[in-house]
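Trainee: I would like to learn how to read a two-chain model, part by part. Could we begin with the overall make-up and then go to the contacts?

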Amino acid sequence: MPVYPATLTCNFWVTMKRTGNIYGINKNLITVEFEDNVLQNEIGYARIGESHIRLKAEIIRIKGNRADLQVFEETRGLRQGDLVEFTGSLLSAELGPGLLGQFFDGMQNPLEKLADKYGEFLERGEYLPPLDEDRLWPFTPVVKKGATVQAGDTLGTVPEGIITHKIMVPFYLKGRYEITTVSAPMAYHIKDTIAVLKDQKGDSHPITMRFQWPVKKAVEIYEERLEPREPLITQIRIIDTLFPVAKGGTYCTPGPFGAGKTVLQQITSRNAQADIVIIAACGERAGEIVETINEFPKLIDPRTGRSLLERTIIVGNTSSMPVAARESSIYTAVTMAEYYRQMGYDVILLADSTSRWAQAMRERSGRLEEIPGEEAFPAYLESIVANFYERAGRVRMKDGSIGSITIGGTVSPAGGNFDEPVTQATLKAVGAFHALSRERSDARRYPAIDPLESWSKYTGVIEKDAGTKMIRLLNRAYEVSQMMKVVGEEGTPMDDFVLYLKGEFFDSVYLQQNAFDPIDGATSRERQLNCFGMMEHIINTRVTFKNKDEARSVFSRLRSLFIEYNASQWESDEMKTHASQITNYLNEYCRENRADGFMLHDKPFMENHLDSTFVRAKNFKNLNDGIPVHREEDAESIQ
Amino acid sequence: MLKVYNKIIQISGNVIVLNARNITYGELAVISSREQSSLAEVIRIDGDRIYLQVFAGSSGISTNDEVRFTGAPMRTSFSENLLGRVFNGIGKPRDNGPDLRENPVDIGGPTVNPSKRIVPSRMIHTGIPMIDLFNSLVESQKISIFTTSGEPYNELLVRIAMQAEVDIIVLGGMGLRFDDYLFFRHTLAEQGALNRSVLYVHTAADPTVECLTVPDLCLAVSERFALGGKRVLVLLTDMKNFCDSLKEIAIIMEQVPSNRGYPGDLYSQLACRYEKAVDFKDAGSVTILSVTTMPGNDVTHPVPDNTGYITEGQYYLNNGRIEPFGSLSRLKQLVNKNTREDHRALMDNMVQLYADYQETLEKRSMGFRMSSWDEKLLKYGTAFEAQLMDLSVNIHLFEALDRGWQILADCFAPNETGLKNELVTRFWPGVKK
């Protein structure tokens with residue numbers, strides 16, 4: 001029997017069994033007639049006929065004596081008059097040791113255990129407790145009898161894989177409590193009482209290692225929320241250098257299909273320097289999670305020396321699994337993230353894809369016959385998306401420890417058009433935008449983040465100005481390439497041509513990264529700094545060439561040298577050799593070293609800011625500070 | 001205690017409404033009118049009002065026709081006897097064979113537990129270089145051919161089916177022209193593959209609603225075969241018609257349309273079918289190859305767009321050729337590392353060069369002077385198109401790889417290609433090993 005938060009259940013309801021009967025069925029929406037009282041968003045179970053199959057459902061609307069419930073399963077086989085039992089509790093996640101390394105569905109059912117018990121298929125109405133109840137956890141108390149505690153305070157710790165898992169006072173307990181007993185250091189099951197708390201009225205509350213928390217409610221028992229200052233190193237160069245993500249920040253990755261959203265998230269989940277990674281696969285292909293599940297146990301996290309799976313939780317509600325559970329998969333994931341943040345860890349939550357969740361909302365809204373908003377999405381889409389991203393953040397707890405949740409969500413815009421409602425709603429809510437483009441992925445330029453469209457409000461591994469300068473170069477190079485399409489190579493001035501080559505060079509060896517290469521696939525902070533320094537040097541070096549063919553071949557040679565450099569082990573002799581090769585080769589063409597009087601192509605690549613705003617390519621963002629200006633203003637300035 | 005109802009209170013489109021009690025959601029009913037009887041499925045219950053979707057269409061149904069509920073959802077017979085047979089959209093024989101009733105299985109059954117899935121690892125050789133070499137087809141993959149009307153997509157489909165090394169072919173035809181249906185049937189028969197095929201065919205002349213059940217029937221049967229250890233290839237053509245049928249029903253049911261009239265759950269509907277592609281541990285597999293025609297060759301149309309997000313890649317069939325750009329097999333990385341060590345590098349390189357060729361073409365059409373490099377690219381592009389892209393080319397992967405090297409050698413010097421030295425020394429034609 002799960003333990004329900006006292007604040008959320010009414011004793012009257014629990015003691016009285018409340019039921020209703022099915023009145024109508026429309027796909028996964030059932031209308032239930034009830035007699036007593038019901039609670040908005042409470043969970044009910046619809047029983048198929050006289051069978052033992054009970055389908056989990058959530059109340060989403062109440063009208064008179066009828067409630068509409070969305071069923072988290074296929075509804076086929078339900079009939080009029082079938083019994084629905086209400087539980088009195090909201091949709092909740094179970095929190096306690098043993099979450100790490102697990103693979104849950106959207107309702108927090110452990111999928112591996114379900115498979116062991118029920119076989120290949122996900123049969124309806126089969127639920128299992130999320131945490132292993134038979135496992136023993138060696139508990140070490142950190143509080144003494146008589147101490148005063150409140151929600152979120154640590155009572156003791158258990159080791160959970162690579163981390164120290166704090167056993168905390170359940171978040172739903174309000175006010176101050178006195179510890180009457182605390183268990184001795186020993187191994188316990190999660191359902192064993194490890195402490196007893198006494199409230200001010202004198203009532204006792206036995207505490208176990210697990211408790212429930214309603215997933216749609218944010219955990220807010222920290223001391224203060226901090227600014228997301230520190231960068232979260234993803235080891236992806238284009239992100240960390242140009243469009244960084246901060247610990248406690250939010251970002252989104254929209255892109256058409258085939259642009260590599262999921263691969264980018266997989267790489268992030270592998271290489272991001274966070275303590276805990278939570279992957280919420282929401283309405284996407286099952287095969288993608290399978291890859292993660294199969295790979296992660298084999299991959300070793302260099303920071304801990306343990307398998308990556310030990311720091312990962314996967315919540316998978318794939319596209320063919322019930323639609324209603326998509327929403328809960330996102331919330332279940334973020335609730336678990338909050339639980340680990342509360343212990344002072346840096347958590348990254350990767351949600352793929354929030355569009356599927358929005359679509360689930362749209363389906364539900366349509367069935368409820370609500371007045372549709374844009375593209376039939378419900379009018380409350382924006383506020384719900386914003387609320388979700390606001391659950392990210394870097395916070396300081398009452399005990400002084402600092403934890404963070406970084407949320408990265410992919411968006412799958414219909415037709416690859418970023419003007420659609422979900423992308424726009426998400427853009428308002430996030431601090432960084434990694435726009436994936438089909439042109440880049442078609443040209444096999446991975447990661448296909450478009451440097452001319454993306455932006456970030458955070459500071460990454462390099463100075464903001466240096467990054468802005470590089471984006472300007474890319475922008476100018478893009479302009480030149482567009483111009484060349486019209487006037488041809490012959491009609492392009494040498495300066496512009498070199499500038500174009502430099503832009504392409506930077507793009508191809510720095511921004512592009514081979515995810516399948518063990519070394520190039522993940523670039524550490526130090527290496528990025530080093531590598532970016534070399535880049536700056538090459539780009540700032542004034543070079544002269546006899547003709548365009550020579551320029552092209554020099555840069556293509558530089559490119560292949562640099563690719564070798566990227567693929568060589570950090571600080572190895574090989575790397576040093578490649579680095580000096582690059583410098584030497586560059587020096588041959590450096591202006592100072594060439595005595596012969598070829599024409600000089602030393603025009604700095606960016607004269608002034610006016611230049612770039614005047615012929616601004618695409619909807620390029622404000623160049624002054626790297627902080628994106630508001631969209632509408634931007635649109636004006638292009639006109 | 002079968003109760004017969006004979007008061008239909010609403011008929012609109014292919015949906016009829018009547019008052020009844022104790023009805024199960026999803027169960028089948030038989031509507032008997034004077035001339036014929038038709039199956040119908042319960043698609044909505046609102047108190048006593050029962051909404052039924054009539055498979056044969058509502059035309060000719062009278063308000064006092066008899067409606068008898070069967071109490072069971074739609075099922076289809078499954079056995080080895082299916083092989084070599086042709087059925088319509090509700091599983092009735094289209095050939096002159098006997099009606100099959102033994103061993104009924106539910107259609108649209110539960111989804112596979114993701115933790116039981118395994119990473120696909122077996123490549124399906126098709127003999128088409130644009131597939132084998134550039135975007136390998138993998139067992140248990142779901143992939144769609146994006147094309148437009150008029151392209152030879154059905155021919156391509158049949159060819160892949162014939163050449164692919166699979167045990168069973170299940171063909172689902174939706175809104176097929178009758179000629180196309182005959183073409184499929186005859187080709188399979190001629191090539192001696194009919195006895196390992198099952199065909200579920202809905203032609204354009206059949207009632208729309210029957211189109212909706214075709215993928216479900218195909219996949220339910222395939223899943224059973226796969227559980228029995230067979231490697232099944234499911235061909236679905238054309239999924240656009242399936243989506244249009246969904247749209248039709250959604251509009252009749254007065255659902256709010258989301259995008260170009262398609263229902264908001266189009267993605268979920270497609271996903272729960274495509275996700276049936278699976279590789280069972282210690283048993284067979286289901287691979288889905290579908291055709292999606294794009295109106296006006298517009299990939300942003302809701303049907304190809306949603307499909308693209310679900311399938312593991314797509315092949316663009318354009319002007320009778322599979323395009324190297326845009327075409328993508330998401331699973332190719334899983335298999336092309338194990339074929340031959342030059343596979344990946346050669347694949348990337350040739351596509352890159354072909355992209356350069358396209359740029360050169362553009363330049364040339366604008367009247368710019370062609371450099372010597374451009375000339376090389378032009379030569380390369382022409383050879384590439386003729387020797388690899390052409391759909392009539394039918395060679396094994398290794399031969400295709402060798403041919404790729406030959407084309408490169410004919411057009412470029414080794415260092416112009418950007419291929420690694422190590423590979424060049426091993427594979428470049430004419431270089432001493």
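**Reading the model**

Mentor: Chain A has 17 helices and 26 strands. Keep in mind that the model is predicted. Of the 639 residues of chain A, 50% count as buried.

Trainee: What share of the contacts in chain A with a separation of 6 or more comes from residues 24 or more positions apart?

Mentor: That share is 69% in chain A.

Trainee: Into which domains is chain A divided?

Mentor: The bounds come from an automatic or database assignment. Chain A is split into domain 1 (6–89), domain 2 (137–209), domain 3 (224–456) and domain 4 (464–606).

Trainee: How many residues do domain 3 and domain 4 of chain A bring to their contact?

Mentor: The C-alpha centres of domain 3 and domain 4 of chain A are 33 Å apart. Domain 3 of chain A puts 16 residues into the contact, and domain 4 of chain A puts in 19. On the domain 3 side, helix H3 (237–242) and helix H4 (261–271) of chain A each supply at least two residues. H3(A) has the largest share of that side, with 5 residues. By class, the domain 3 side consists of 10 nonpolar, 3 polar and 3 charged residues.

Trainee: How is chain B divided, and into which domains?

Mentor: Chain B has domain 1 (4–73), domain 2 (77–335) and domain 3 (343–427). Between the centres of domain 2 and domain 3 of chain B, taken over C-alpha atoms, there are 33 Å. Here 12 residues of domain 2 of chain B are in contact with 15 residues of domain 3 of chain B. Helix H1 (residues 129–132) of chain B gives the most to the domain 2 side, with 3 residues. That side of domain 2 of chain B divides into 7 nonpolar, 3 polar and 2 charged residues.

Trainee: Now the interface between the chains. How many residues of chain B are in contact with chain A?

Mentor: The size of an interface is often given as the accessible area lost when the parts come together. Here we count residues instead: 51 of chain B are in contact with 55 of chain A. On the chain B side, strand S5 (37–46), strand S17 (257–259), helix H6 (266–274), helix H7 (302–310) and helix H9 (343–365) each supply at least two residues. The largest share of that side, 5 residues, is from H7(B). The chain B side that touches chain A divides into 23 nonpolar, 17 polar and 11 charged residues.

Trainee: In which sense do strand S1 of chain A and S5(B) pair?

Mentor: Strand S1 (residues 19–26) of chain A and S5(B) pair in the antiparallel sense, over 2 bridges. A:Ile25 stands opposite B:Ile45, a residue in S5(B).

Trainee: Last, the nonpolar cores. Which residues touch the most other members of the largest one?

Mentor: In soluble globular proteins, nonpolar side chains tend to be buried together. In this model the largest nonpolar core has 274 residues, and A:Ile278, A:Ala280 and A:Leu349 touch the most other members. Helix H4 (residues 208–227) of chain B gives the most to this core, with 11 residues.

Trainee: With which residues is A:Ile278 in contact, leaving aside its neighbours within four places in sequence?

Mentor: A:Ile278 is then in contact with A:Ile313, A:Val315, A:Ala333, A:Met336, A:Ala337, A:Val347 and A:Leu349. There is also a second, separate core of 19 residues, which includes A:Leu155, A:Leu173, A:Tyr188 and A:Leu197.

How values were computed:
Residues numbered from 1 in each chain as written. Chains lettered and ligands numbered in written order. Predicted model: local features only at pLDDT ≥ 70, side-chain atom pairs only at ≥ 80, totals over all residues. Contact = placed C-beta atoms within 7 Å. Helix = DSSP H or I, 4+ residues; strand = E, 2+ residues; numbered from the N terminus. Nonpolar A, V, L, I, M, F, W, Y, C, P; charged D, E, K, R; others polar. Pairing = 2+ DSSP bridges. Core = buried A, V, L, I, M, F, W, Y, C linked by C-beta atoms within 7 Å. Buried ≥ 20, exposed ≤ 12 C-beta atoms within 10 Å, placed from the backbone.
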